[in-house]
Amino acid sequence: MNRSPTDADPLAPLIASVIRADVRAQSAYHVPDAAGMVKLDAMENPYTLPPALRQQLSLRLAEVELNRYPVPSYGALKQAICREQQVPQGYDVLLGNGSDELISIISTACAGEGRKVLAPEPGFVMYAVSARLAGLDYVGVPLRPDFTLDLPAMLAALEQHRPAVTYLAYPNNPTGTLFDAQEVLQIVAAAAPFGIVVVDEAYGPFSPHSLMDELPRFNNLVLMRTVSKLGLAGLRLGYMSAAPALLREFDKVRPPYNINVLTEAAALFMLEHLDVLQAQAAELRAARTGLSARLAGLPGVDVFPSAANFVLIRVPDADKVFAALAARKVLVKNAGRMHGLLQNCLRITVGAEHENAQLLAALAEALQVSSSAPN
Ligand code: PMP
């Protein structure tokens with residue numbers, strides 16, 4: 001049955017008595033309509049798979065028994081991930097329906113009266129959203145204006161709040177910054193007496209450095225990754241590794257069949273052909289260098305260094321430039337209102353060559369229009 005908006009009113013008392021007040025006050029995660037646009041807002045890999053590989057994949061998926069539940073241990077997929085992603089010997093992974101689900105599993109497992117989650121800001125919004133939904137208090141610690149970690153502020157906040165969970169995205173979203181590895185490890189060590197530190201390597205494929213090797217040195221370190229930015233965002237598959245005893249606790253919270261059989265089969269197939277995705281990531285890293293240089297050459301544009309598959313820039317008026325880009329069918333992320341430190345910032349995903357060229361041309365025009373248009 002279709003409901004018109006006016007049908008909502010009779011439901012108001014029911015909703016008020018059933019749905020939590022904080023959920024009612026919240027707005028849903030907004031994903032803008034990108035139909036017909038050059039889509040550079042969501043850090044997706046712009047490349048599809050070569051036709052021969054698609055063909056092989058379709059045959060593999062055709063064999064999957066859709067009538068059966070997945071086998072919830074996901075042994076073969078986990079083994080392949082551990083092997084191909086250099087997970088240390090003796091360490092396992094826990095799979096999530098995207099790393100979004102892993103974040104929510106962590107929140108559920110760690111929530112409790114007075115418990116806290118801490119992260120530098122600006123950072124990935126789901127750390128705070130998921131924490132609050134689980135009833136955890138969230139503490140954001142501002143980065144420095146150049147988006148590097150403010151280590152003394154982080155250490156002081158750890159001491160003051162003793163958070164159960166600290167998140168560090170390495171590299172960070174939405175800034176693209178690769179935090180100093182020694183500073184990250186200092187934070188892991190400082191949190192050890194009371195909390196875990198989740199190092200989120202969602203953008204690992206574009207970064208020169210990983211902290212995966214550090215796992216055996218820290219019992220409180222959790223290393224989280226996703227296949228999303230590597231070219232498989234539609235699969236929804238994330239994974240995390242940690243000391244086995246800690247991982248076993250998180251596994252109790254995981255819904256038993258959280259990875260569907262098609263994702264499982266497709267991921268296994270792609271891990272056999274990882275070289276294709278890694279070559280695409282290498283192209284994107286090279287394109288990032290070129291794009292950053294060309295962006296920096298535009299008048300009035302500041303470019304922040306990025307170790308991810310996107311570039312954060314500051315323009316004179318982000319709202320106007322964003323609108324002028326959208327009018328030219330280019331969709332980027334207007335980060336300007338996400339956080340005080342991000343004033344007038346736009347986050348631009350590195351696209352395919354023709355998309356980057358379209359973006360640059362549209363941006364050059366948008367900057368002119370925005371500087372001449374009245375407020
Ligand atoms: N971590 C970070 C830092 C992200 O930016 C994102 C998505 N933008 C995620 C995790 C979630 O990724 P997934 O697609 O695996 O849910």
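1. Start with Arg236: in this predicted model, Arg236 is partly exposed, with a relative accessible area of 30%. Its phi is positive, about 60°, although Arg236 is not a glycine. You'll find Arg236 in the loop between helix 9 and strand 8 (238-241).

2. Lys329 is another one to look at. Phi of Lys329 is near 65°, again a positive value in a residue other than glycine. Lys329 sits in the loop between helix 13 (318-327) and strand 11 (330-331), and is partly exposed, at a relative accessible area of 47%.

3. Next, the cis peptides. Tyr170 and Pro171 are joined by a cis bond with omega about 0°, and the bond from Asn173 to Pro174 is cis too, with omega near 10°. Pro171 lies in the loop between strand 5 (165-169) and helix 8 (181-191); Pro174 is also found in the loop between strand 5 and helix 8.

4. Now the ligand. It has 13 residues around it, and the closest are Ser99, Asp200, Tyr203, Thr226 and Ser228. By class, that shell has four nonpolar, five polar and four charged residues.

5. Some distances to check on screen: a backbone N or O atom of Ser99 is 2.7 Å from a ligand oxygen. A polar side-chain atom of Thr226 lies 2.6 Å from an oxygen of the ligand, and a side-chain N or O atom of Ser228 is 2.6 Å from a ligand oxygen. On its own the ligand has 390 Å² of accessible area, and the protein covers 92% of that.

6. As for the site, the ligand takes up the space of the largest pocket. Helix 5 (99-110) and helix 9 (228-232) are the elements that give two or more residues to the shell.

Conventions. Residues are numbered from 1 along each chain as its sequence is written. This is a predicted model: local features need pLDDT of at least 70, side-chain atom pairs count only at pLDDT 80 or more; totals for chains, interfaces and linings use all residues. Side-chain values use heavy atoms; hydrogens and water are left out. A residue is near a molecule or strand if one of its heavy atoms lies within 4 Å of it. A polar contact is a pair of N or O atoms within 3.5 Å; within protein, one must be able to donate a hydrogen and the other to accept it, and residues adjacent in sequence count only if both atoms are side-chain atoms. Accessible areas come from the Shrake-Rupley method with a 1.4 Å probe; for residues, only the protein chains shown count as cover. On a 1 Å grid over the protein atoms alone, a cavity is a set of points where a 1.4 Å probe fits but cannot get out, and a pocket is an open set with protein on both sides within 12 Å along at least five of seven lines; lining residues have an atom within 4 Å of a point. A molecule sits in a cavity or pocket if more than half of its atoms lie within 2 Å of its grid points. Helices (H or I, at least four residues) and strands (E, at least two) are DSSP runs, numbered from the N terminus. Ala, Val, Leu, Ile, Met, Phe, Trp, Tyr, Cys and Pro count as nonpolar, Asp, Glu, Lys and Arg as charged, and the others, Gly among them, as polar. Buried means under 20% relative accessible area, exposed over 50%, partly exposed in between (1.4 Å probe, protein chains only).
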